[in-house]
Amino acid sequence: MAEFSWASRSPLEDVLVVGAYGARDVEPGISLTEVRNFDLIQMMARRGKWAEMASTAKDRFGVAAPDVPKAVSASDVTLIWSGPDQFLVLSKGGKHAMDILSQAFSQSASLSDQSHARALISVSGTKARAMLAKLSSLDLHPASFPIGAAAATSIDHTSVNLWRGNDRPDGQAVFNLLVFATFAESLWHTMLDAAAEYGVDIRLSEELG
């Protein structure tokens, strides 16, 4: 019998080139960073079990599970609202991986491992809102979309989970988005086209923001 060996790879492996892109005669107004090698678990409360799931989540993660469109973070995990009675668990290092959470939430939730099914892209820079405004109908003004705000929305007709993380040390806002792996390459090209006029700094990271 033939033996198969599966090696995970980023859906952006063939298209992401670290370095400058677009306008070169200006300071880059956009930073696009792909974050790789993370754990991502979709949590959905079973019928009538939201309160039980939320209680277990508070004990497990040390923060209240989001029941409205927002993202909440503890030292080693971010919980991202993804719809009524459901959220995503984003982490690294295996502490909140599927095999562990499936035991903790066995009585209250259905879980799905999305770690290799999504790409995680971070957008920041002085022109981040201007670029995203070309592709999204969301109002990303700080008054409407503050730190911790989240949405299950679309970017140029591609479904994404979008949330605002903590600002960079220079005060620039950071927008994180998770996109299904199947659509990641297409969305990446779309964002590059939208960002090119501002100048783009493309990076890779192994660290969650």
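Colleague: Okay, what makes N37 count as exposed?

Modeller: This is a predicted model, by the way. N37 has a relative accessibility of 52%, and exposed means over 50%, so N37 counts as exposed. N37 is found in the loop between β2 and β3. N37 also has a positive phi of about 60 degrees, although it isn't a glycine.

Colleague: And why is D156 called partly exposed?

Modeller: Its relative accessible area is 36%. The buried label needs under 20% and the exposed label over 50%, so D156 falls in between and is called partly exposed. D156 lies in the loop between β9 and β10. Phi of D156 is positive too, near 50 degrees, and D156 is a residue other than glycine.

Colleague: Let's move on to rings. How many aromatic pairs does a search of the whole structure find?

Modeller: Three. One of them is W50 with F87, with 6.3 Å from centre to centre and 85 degrees between the planes.

Colleague: What makes W50 and F87 an edge-to-face pair?

Modeller: Two checks. Centres have to lie within 6.5 Å, and planes over 60 degrees apart count as edge-to-face. With 6.3 Å and 85 degrees, W50 and F87 pass both, so the pair is edge-to-face. W50 sits in helix α1 and F87 in strand β6, so this pair ties together parts that are 37 residues apart in sequence. Both W50 and F87 are buried.

Colleague: Then why is the pair of F61 and F105 called stacked?

Modeller: Their ring centres are 6.2 Å apart and their planes are at 20 degrees. F61 lies in helix α1 and F105 in the loop between α2 and β7, so the pair ties together parts 44 residues apart in sequence.

Colleague: Last one: how does the protein's radius of gyration fit with a compact globule?

Modeller: For 209 residues, a compact globule would have a radius of gyration near 17 Å. The protein has 18 Å, which agrees. And of those 209 residues, 47% count as buried.

Methods: Residues numbered from 1 in each chain as written. Predicted model: local features only at pLDDT ≥ 70, side-chain atom pairs only at ≥ 80, totals over all residues. Heavy atoms only, no water. Phe/Tyr/Trp six-rings, centres within 6.5 Å; stacked < 30°, edge-to-face > 60°. Helix = DSSP H or I, 4+ residues; strand = E, 2+ residues; numbered from the N terminus. Buried < 20%, exposed > 50% of the residue type's maximum accessible area, 1.4 Å probe, protein only. Rg over C-alpha atoms; globule rule 2.2 N^0.38 Å.
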